[in-house]
Structure formats: C-alpha cells, structure tokens
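Here's a quick walk through some charged pairs, a sheet and a surface patch. Have the coordinates open as you read.

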Amino acid sequence: MRWGAVLQLLVLQAAWALAGGQVRYSVPEEAKAGTVVGRLAQDLGLEAGEAEARRLRLVAQGRRASVEVSGASGALLVSSRLDREELCGKSAPCALRLEVLLERPLRVFHVQLEVTDINDNAPVFPAARKNLSIAELSVPGSRFPLEGASDADIGANAQLSYTLSPSEHFSVDLQKSNDGNLVPDLVLTKSLDRETIPVHRLVLTASDGGRPSLTGTMELVISVLDANDNAPQFNQSVYKVQLLESAAVGTLVARVNATDADEGSNSEMTFSAISFIPPSGRDFYEIEVEIMDINDNDPSFQETEKELRVSETTAPGWRFPLREAQDADLGPNSLQSYELSGDEHFSLAVQAGPGGDQRPELVLAKALDREEAAFHELVLRAMDGGDPARTGTARIRVTVLDANDNAPVFSQAEYTVRVPEDLPVGSVVVSVTAKDADEGQNGQVKYSFHKISDRESELFRLDAESGKITVEDGLDFEEMSSHELEVQAHDGGELFDTTKVSIMVTDVNDNAPGISVRSALSEISEDAPTGTVVALLHVQDRDSGVRCSLDGTLPFRLQSSHGSYYRVVTARELDREQVSEYNVTVRAADGGSPALQSSAVLALRVLDVNDNAPVFAEERYSARLAENNAAGALVLTVRATDADWGQNARVRYRLSEGRVRGAPLSSYVSVQAETGALYALRSLDYEQVRELRLWVRAEDGGAPALSSNVSVLLLVVDENDNAPQVLYPPPAALRAGSGSGSGSGVAWSGVELAPRWSEAGALVAKVVAVDADAGQNAWLSYELAKATEPGLFRVGLHSGEVRTARSPLARDAARHSLVVVVKDHGRPALSATATLQVVLAESVAELLAELGSAADEAAAPGEPAVSLTRWLVLAVAAVSCLFVAFLLLLLALRLRRWRRQQLLPPDSGALRGVPVSHFVGIDGVRAFLQSYSHDVSLTADSRKSQLRFSAGGSCCDTLPARPLPDEPAPLLGDEDPAGALLSDPIAPSCNSAEASLLQSSKCRAATQPSQGFHEQSRGQWENVCSVPHVITQKNILGNHLEAVKGQRNRLESHLRRVTDSGSMCRWKSGTCVVPQGSFLGPVLSSSDQFSIFLDNGVECTFGQFAADTNLS
C-alpha cells in the first residue's frame, strides 16, 4: 500500500475555516504517528512561541481523538492509530469534535476533524467454513441461500461481489436484499449422485470495490444426503448347489449375498424365498397322474399389511418392488393379475419373472409432499383366473419421510416498533415468529441476528428459542434514535428466512446534565490571590438548559465563561492550616420535570506556604539541676510545633548568644538541633553560678525561615559539697583531720584569755564559721568535742560562743585546750574543727608567764624563744590607737549622714543596710572581707522590677537569704532605737561596734531575724558577732566604709540629675524607667553594683558600675 500517495491525496492541510470560531481539518485513517494534520497555532492567529507559553492544549470531546498539539510548534499531530471504523463505525462522515484550550487569558476554540475512509478492511464472512446438506434427489435449479460477507469500510470500499470456485453441479447467483446489498444464493445446476460424489467442497470469494480490491473467502462443504435410489444386487444371478439325499434337516444348503449402493437404512437388506421349484434329476422317475384342479384356493400374500417409507423428495417414476401373491391352484385357476387402488400418487406395474411369474412393483406417479399428505393408504389386490375368480388383498401404508424442503417463514416481512429510551433493561422490545412446515429436526426454528453492529449487539439480546428481542443495555435517543436489525430464522437443516426489525427510540428527559472537567488544578498554594482559576468545566444537557452551583460554603465561586463553559475561582484567601484539602462539588440541574442533575467533585490540595512561625509548648521553661552534675546531663527538653507542613514544619533549635561569667553561654549548655533537648556541657557549681538565663530559638525549614524564642531559666540546686570554714580562730600551722560527721574537716586553733574570777556563763571566745553552701546545707551547729576540763566550758549550739559552764576553781589548770566541731546540716553532713587555747590568769604577770611558757612549748627545737611580753605590749598599744581612730571615723560618718539627711526630703526613706566587712583572724594572718552582690530582675514594665541580694556570708549569718524588696534599713545604724538593728537578712550588723571593742575586744549581740525572712535562716540569727582581738584591723574596716560611702554619694548626685528630668537609666541587662521626681534616697552600692529606689516601691539594680559610667 502506497502510504505516500495516499497521504498526498487525502491529507488536506489547508481544509479549515474559521467560521463561528471553528477550525476544520481532514486526515485519512491509519495515518502514521507524527503526521501533521494542520498548523493549529498559526490558524488560530498565535505568534511563534505563544502556543507553548499560553499552554495550548487539546481536549477531546466524546470519543478518543488520537491527535495532540505539539507544544513547541503548536501543530496538530497524529499521536496514535486513527481507525475510522473504531471511531465512527458505519457512520459517514466520521467527524470528531475537539476543543482547544488557550490560557492567559483563557479561551476555547472548536476543532472539527474528519477522518476519511481508506480500504483497510477486507470482506469478512460470518464463518470461515459453512456446512451444507443437500438431498441427492434434489432437482436442478434448487436454490440454497448463503450468508453474505460484511466489510467494515464504507462507500465503494464496502461494495461486495461474489464468485464461486468451478463446479459442474453448483453456481452462485446474487440477489438484492431489502437494504440494497447483494446476497449470494447457491444454485444446483446438475443432479447429484451421492454414490458418485458424496461431498462437494467449494470456495466462495467476496471482493470489495476498493483499489486495490481486498477479498475474503468462505469454504462450502456440501454433503449429499442419500436417497434409496439403488436396489440390492445379488453377486450371482443363479446359485447351483449339490446336496446329498442323506443330508440331515437343517443342513446349510447355500449362502446368497447381495449389496446395496445406498447407505444407512437404505442399505439394510432382508432375504426371503419367493418360490421353490425342485429340479429334475436322473434319480427321479416321472409318473404322470393328472388331477383335475378346481378353483378352491384364493390368492394370498405372505404380508397382508406392508409399510413403505418414501422420502418426499423421491422423484416420480421411482419403483418400489412388492412381494408376490401365492395361489395354490394351477392353470387358469392360478394367479393371473394385480390391481392397485387408493391414491393418485402411486400406480402399479407388473414385471415378468425368470419363470414367467408376475412380480408387482409400486411406481411413484406423482411427487410426494409430506406437508400435504404424510401417509398414503393403498390396497393391492391379486386375482386368479377361476370362475368365479378368487382374490386376495394386501394393505400398503406409505409413510412420506420429511425432507428439509421448506425454509422457515416469518410472520411479517418487516417488524417496526417504537420504544421510549428509558425502557428498563430486560424489557421485551418485540417478538419475531417464523414457521417451518417441516417436522422434527427440519422444523425446529432458531433465531439469530444476521447483521448487527457491535453497539447494537450490546444494546439488544435475541432469544434463540422464542425470538424475543430484549433490551440488554440502556437506550439513548441522543446517541442513536433508531436501530435496524436483521434477524434470521434457521431450521434444522440449512434453510433460513430473514426479516428486518426497525426499532424507533422516542426521546424522554433521561439525560442529566453532563459535567466534564476540561482543566483543573490538583494543587493550589495557600497564598494564591482571590480570583485564581481552579478549574474549567464544560456543562451541557442534550435535553434542556442547565443551572450550575457549588455545594457548601467553600472559598470558591462559579463564573460563566464562553458558551457552556464555567470557571471555578477562589472567592477568598485560603489557609492550609485550617483546611488542607477541599472536595469542591459542582452541581448542574436541567429544566426538565422532574429535574435531573449531576455533579462533579474537584479534589484540590492546598500547598503549604511558610506563614507560621514555630510555637513553643510553654511560654517559658524552667528547670532545676543539682550542682556537680555530670557533663552532658539532660536538663530539659523544649518543644515547638509549626502549623505548616513538610519542610516548612521542620523545626530546628539553637541557643541565642550570651555570656556567663565572661565565658560563652555555649560552653555551659547546648541544645540538640532536632529534638530540643538541652544538655549541660560542664559540671555546674552553685557557689559560682546560681542560675542560667538563656534563650532558645526554634527555626523552621521554610524559605525564608521563621523563628520564635523562648526563655529558659536553669536553677542550680545546691548540694552539700562545701565543708564549714572556720573564720575564727584562724587555722593552725598544722592541719589535722576531724572524724566528726561524715565529711572530712580541717583543724583551726587560737588563744583566748579568761580571768579566773569569771562567773558561770561568762563569754570566753566565739568560734565563727561560714559555709559556702546554701539553705539547709549552710545551717551550722557547734559542739565541744574535747576539753582539758570537760565540765568547765560549754559551746552554744547555734552561736558558737564558748562560755564558762561554772566558775573556774583554783585547782583548775591555767591552760585549757578546747576542740570545737562545726557541722552543717547537709546529707551527708560535713564538718570542721577549731582548737582554742584558753588561758586562765588572775593578773597580767601570770598571763604573760603562761603565754611565754606556751610560746616556749610551741617553739621548734633549736629556735630561740621570742619575748612574748614585748609583743603583747606593742599589740595593746596598737589596738588602742586603732580604736581611737575608729571612733573618729565613726563620728565623721555620723556627721556626714546627718548632713545628707538634712538635704533630702523627710519622706525619702531609708536604704538597706549593707555589711562592709567580716571578721579578721588573730595574729594578722588574713583579712576576710566579703562584699555583697545584687541581682537585677527587669521586665518591660519597670513597676515589676525587683532587686534581690544574692547569697553571701556576713559576720553574723552563715545562712544566706533573700530579703523582701520593701524593707529599708540604715547603712550603719540610725538614731531610731528600733532601727539600730540592720534589717538586711544577708548582712545583719552588730549594734554598737565601738562598745564591743571596749569590752575586752568582744562584741556580744543577740540580733534576731526580721519578720518575713526565709525560714531556713531563722536559726542562724542566734549567732553573736565577735570582733577579733587585734584592734589594728579597725583601720581596714574604716577605709572600706569610706570607699563605699564615697561611691554611694557620687551615684546619688548622678541619679538625682537623672530623676529631675524624668530620664531613663540604661545599663547592660535592662532598662529602668525613672519618672521625674521619683528618686527617694541614697544609692545602695557595693564594689560592682548599685541600686536605686523609686516612689512606687520598685528597686532597680545595675551591675558592673564604674567611675566613668554615663547615665542618660
């Protein structure tokens, strides 16, 4: 097949017209994939490259189009096999209606594509082989209808002609059917003889009118049915046998043999002896005795009743031999003649036998027709020559055997019926009826469709037995308004009849509106603007108009587009976090009564946009971690969730930058980026870091990424990891372990003086100890572990005061060694020991002697003893000088305070007391000075700011506590007796330090804690302040107090200028808003911090203040 020539002739590239927005093209079927049908983009007026940019695409309407639009060129191409017969069947012309969509802006174009027919289908017979059975007695000229071939092509390509392979017995003749097609008939041209040719094999060829012509063949196998047209033939005309006279009765004399060329029942034979004539021989003597015969015997038949079976197709003149009658008489009285009576179809013929006997034969005088007379009753009469003549009769019953000589006949040549298109499936459309005059197998009629399309074979079903045509599938008036069927009725042979059934389908409102989605988005971004096109729908109803609507209250609406097109657009903004998927139901209803409707569901998934920052599960996090933790210990886990999806919802954690005690925050803690687990990177020490404030940032994986922060407060929980530290007496040169308690201790020693005239309860010394821990771990208790005289001294359980338990006696030794154990209340408890050397003396001389003796004993061997007396005198003189200087300094401070109070308003209030020093050990070994540090807690609202004092030791307190922010206290006492006791729980002061120095260098105080302080520190307020014996340390105390007061005055002058203008005080960790005129009084300051008070009760604290600080 020359495809190039066919394409050149049939491809009409320019066969289009823009009429009413429709483009027309034509293409031959079976065109190769890639064949250009037309320049669609150019015909639509698009520029080069615009087709791809505007997404020019094809939407097939109804049947599969097998064409596509090239994205690059915009040409309409054949994409797959185009088969006109598959697309349109027998319909002509075969036109496909296509729709072309063009976006930005959205436009719809209609394209009509006609698929032209080529001769690509050969004629096809219903079966490749057909078996026929024809009686051999059939007369020439008999016609036998054959089923014609069909051709799927149309027009000239489907015009068929038939030829038959050469045969002297058969030919083919064409008849025109009711539909105008030629139907072949097989015609018998010469009589058949089964005995000569039992089977005829022919080939029927059908040729179409295409160029070149295509052919189809069917093999005809014709079986010749046997007729009883051959009499039996003996293989010998005369059988001669010699038999001994002594042969016994029953001896086999001879065996005769005959054959019949017919088959079946026609070849079955029976043998009988008609007469017996004994031959003459030498052994017999002839004696003639004449007996005169009289006619006393009637002729008789061996069978008085005989039945013959004759096919109705037997040709006239056919002879059927009959049995002869027997007459015992002789001569004229014997059998003379036969006569037949009863039917015109048969006559009698008498043949003379070899012996002159008469043999009757029944001759078919007229053709039989079983359908007219199935039986024929005949009487055969035999007559002799007597006078009167005698007769004998035999009854012959001739049964006419049926031959398939009658084709079925329909009751109507054409059936026409009208049915509604909503006829239920299974309903009977029409019943066809055909009758066959034959009987038995030849009269059994079966029905079948002769010519029917594939679609009609799906729509209708024909019952082969009853002839009822029922609806197998729903009828559709809009698809096909009429159906023409050919029904054949077949009998048991090869005869049939054909009728035409016309089914007219009437229209009803059975078509719901059709909704087809031409273009639809499956995904849409949640930030899509209002009016974004989601889908393009094509809605049509072949019965009536259509009304469209959307179900539910969804953020979408319908817009009418071109003709029967509708657009689904967004009506408002989308939020994936609220609804992530939509099932948009579009409903269309027609105008019928009752109205029919249909719907289409658009599944739309909303794509996530990173519009949600991670949200922590808690507003703030806090955790407690025991100090001395293992490095890498899990502190807590922060958790944040992101309402977004996928990568946008993937949260990672990290720490915000910061510093703790000069070191990066990341060296203390770290956060696991994926899980949010916070780990401690080092072992924390409560005495160094009480708490860690940090910020954890959660950041999602979007672009750009969104983040949120949460504050985390890590409180370090104190553990009992510090043993008590004895401040007084100072540590001895030799250190020894103490077995008291579960912790290891350190030995401390000192020398105390006590007069022998001391009364019971007299204060001898005071053991002062502090514990760097906090809370219960810092509660200290004192016990007297060992004494030279056990009953002479006792130690206060909480104060550490060593007092006489009784008055010393003369017999008591002058020197006593006391071992005091200081234990905390931790679990396990830790302890320390202090050794006191107490010297009892009545005079200075005795005292010096004892001290000298003690010094000699303490001296190392080989070292000269030092005159202790000389040093004691110098020490007393130095202490006296220091005491006078301290009194002068105290007086100057009092005058300065009085002057400042005169300058400040009377309601300015008082500041908290701040301890300025701690006790100094004897012998000038060390000076213990501890200043206080303060923590600041600021919020955005300055009214909620607080100041708190961090834990620290003092001269009187071993248990740090946090004060309430509204408890004022003087710095170094007050004129008010009630204010003589400092109210700061962290640093309570001693009352009248000068007086305590004058009383044997001892300071006795019974200060109690203020109301509302921490309960854990209440027991420690029983401690009594003690001033070391060395008076020279007073100068250090005075100098420190002067430095503190000078710094405070400088801050006050700065802050007073700030508050006069209502400015804001900014420093590192926060901002404290100071309204105009809100400054109340002096500044509380230490070496590294300062605090101010506002009139609203708020206290602001700022750390790391330097002399060059600028307040703005």
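Strands here are DSSP runs of E with at least two residues, numbered from the N terminus. With that in hand, Glu324 sits in the loop between strand 19 (319–321) and strand 20 (325–326). Keep in mind that this is a predicted model.

Is Glu324 buried or exposed? Glu324 has a relative accessible area of 11%, and it counts as buried because that falls under the 20% cut-off. Its side chain makes a polar contact of 3.1 Å with the side chain of Arg359.

**Salt bridges**

How many salt bridges are there? The count comes to 35.

| Pair | N to O distance |
|---|---|
| Glu30 and Arg81 | 3.0 Å |
| Arg84 and Glu85 | 3.3 Å |
| Arg319 and Glu361 | 3.0 Å |

Take Glu30 and Arg81, whose side chains meet in a salt bridge. Glu30 is in the loop between strand 1 (22–28) and strand 2 (36–38), while Arg81 is in the loop between strand 5 (76–78) and helix 4 (84–88), so the pair ties together parts 51 residues apart in sequence. Glu30 is buried at 17% relative accessibility, whereas Arg81 is partly exposed at 47%.

In the bridge between Arg84 and Glu85, both residues are buried.

The salt bridge between Arg319 and Glu361 also links distant parts of the chain: Arg319 belongs to strand 19 and Glu361 to strand 23 (residues 358–364), 42 residues apart. Arg319 is partly exposed, with 40% relative accessibility, and Glu361 is buried at 17%. Elsewhere, salt bridges that share partners join Arg194, Glu195, Asp226 and Glu263 into one network.

Four strands make an open sheet in the order 35-37-40-39, with antiparallel pairing. Strand 35 (514–520) and strand 39 (556–560) are the edges, each pairing on one side only. From one strand to the next, the twist averages 30°. Strand 39 pairs with strand 40 (residues 565–570) in the antiparallel sense over five bridges, and Ser560 stands opposite Tyr566 of strand 40.

**A nonpolar patch**

Which residues make the nonpolar surface patch of about 290 Å²? Phe234, Val256 and Phe271 do. Phe271 is in the loop between strand 16 (258–259) and strand 17 (300–301). At 45% relative accessibility, Phe271 counts as partly exposed.

Note on methods:
Residues numbered from 1 in each chain as written. Predicted model: local features only at pLDDT ≥ 70, side-chain atom pairs only at ≥ 80, totals over all residues. Heavy atoms only, no water. Patch = residues over 30% accessible without salt bridge, like charges linked within 9 Å, V, L, I, M, F, W, Y side chains within 5 Å. Areas by Shrake-Rupley, 256 points an atom, 1.4 Å probe, with all protein chains shown as cover. Salt bridge = Lys/Arg side-chain N within 4 Å of Asp/Glu carboxyl O. Buried < 20%, exposed > 50% of the residue type's maximum accessible area, 1.4 Å probe, protein only. Polar contact = N/O pair within 3.5 Å; in protein donor to acceptor, adjacent residues only side chain to side chain. Pairing = 2+ DSSP bridges. Axes fitted to C-alpha atoms, helices over the stretch in contact; angles between N-to-C directions.
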